[in-house]
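Please open the model in a viewer and keep the selection panel at hand.

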Amino acid sequence: MLLKVLGTAAGGGVPQWNCACRECAGARTHPRRRRRHAALAVQVAEGRWYLVNATPDIGEQIEDCPELHPGPGHRRTPVAGVVLTDAELDHTLGIARLREAEQLEVIATAAVREALRGRRQLDSLLAPYTELSWRDLPTEGLAQPLAAGSAVHISAVPLSAKRPRYAATDPAGADAPGDWVTALRLTDRATGRTAVYAPALGTWPQALEEAVAEADCVIVDGTFWDDDEPRRANFSTRGATAMGHLPIDGPNGTARRLASLPARRLYTHLNNTNPLIDPAAPQHKTLARLGIEVAADGMEIVL
Ligand code: MLT
Ligand code: MN
Ligand code: ZN
């Protein structure tokens, strides 16, 4: 299985357009510190790829990844479709940017589909440009080939019913259940190798524990270093966990859970307030001691 890391930043990216904080300013001065919105590309066959999440940066992300370049035909693209882990804007705005596609397959849970097709009216918005075809993202036990005939199978590990802010209210009640946030499990049936991708991780349910224990590579939410970071940075009155992102460090943190896993482990979806944005930050050494990596834009992961 071949994965390309297209981006590793949380919503806003690094630098964020309206932010002059130390990390964003640092990324303007040192372009190698820049991070685009978190996304992956997964190869399903020679010259055929699916995106995992479609970010506002998707155009540039495709340009920076030669495997995703069009050709040899005039309008032939290796990008076959998009798999969504959630309905957040930073993971879905890019679908509209792909409107030049002849047609585009979008794979998502029922809750995510309803948000995009109902509330966001994506079908009628894009109908004059392209045709979206929707497919259900199957949950555990019902894994299916990502593309017909492909050895790469997908399934979702439900994480939480936390809705995006634009969908916070609902006639059925904001607490109405639904698979709003999932981890994506990718298994190559030819090699038996498995990756788990969870860029939004506000809970750590037993099903996730089981999925990561069996995985060869785990790429998870590294939005915030510690729970207090959003409050310290003064952009929220809530802590990281309450915002839907378990922090890396601390008693509730994901680092201690990842530390004992046999898999290759990486953090992605870094917010611009996260000290890890600075390559000289001591927090990098803390992770290195646990054998955990910070994913980088452009990284290739071969499983
Ligand atoms: C999140 O990860 O919590 C959301 O992407 C936030 C946002 O898009 O503003
Ligand atoms: Mn996000
Ligand atoms: Zn900033």
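In this tour Ala, Val, Leu, Ile, Met, Phe, Trp, Tyr, Cys and Pro count as nonpolar, Asp, Glu, Lys and Arg as charged, and the others, Gly among them, as polar. The model is predicted, so that local features need pLDDT of at least 70 and side-chain atom pairs pLDDT 80 or more, while totals for chains, interfaces and linings use all residues. Residues are numbered from 1 along each chain as its sequence is written, chains are lettered from A and ligands numbered from 1 in the order in which they are written, and side-chain values use heavy atoms, with hydrogens and water left out.

**Ligand 1**

Select ligand 1 together with Glu 88, Asp 90, Arg 165, His 245 and His 269, which surround it (each has a heavy atom within 4 Å of the ligand). This shell comprises no nonpolar, two polar and three charged residues.

Next, display the polar contacts (pairs of N or O atoms within 3.5 Å). Oxygen atoms of ligand 1 lie as follows:

- 2.7 Å from an N or O atom in the side chain of His 245;
- 2.8 Å from a polar side-chain atom of Asp 90;
- 3.4 Å from a polar side-chain atom of His 269.

On its own, ligand 1 has 260 Å² of accessible area, of which the protein covers 73% (Shrake-Rupley method, 1.4 Å probe).

**The largest pocket**

Which pocket holds ligand 1? Ligand 1 sits in the largest pocket, meaning that more than half of its atoms lie within 2 Å of the pocket's grid points. A pocket is an open set of points, on a 1 Å grid over the protein atoms alone, where a 1.4 Å probe fits, with protein on both sides within 12 Å along at least five of seven lines; lining residues have an atom within 4 Å of a point. About 1100 Å³ of space lies in this pocket, the volume being that filled by probe spheres set on the points.

Of its 41 lining residues, select Gly 11, Glu 88, Arg 165, Met 243 and His 245, which lie nearest the centre. Then colour α3 (89-92) and α8 (229-232), the elements that give two or more residues to the lining; helices are DSSP runs (H or I) of at least four residues, and strands (E) of at least two, numbered from the N terminus. The lining contains 16 nonpolar, 16 polar and nine charged residues.

**The second largest pocket**

Finally, move to the second largest pocket, with about 770 Å³ of space. Thr 77, Val 79, Leu 98, Glu 100 and Ala 101 are the closest to its centre among 26 lining residues. Select α2 (58-63), which gives the most to this lining, with four residues.

Key. A polar contact is a pair of N or O atoms within 3.5 Å; within protein, one must be able to donate a hydrogen and the other to accept it, and residues adjacent in sequence count only if both atoms are side-chain atoms.
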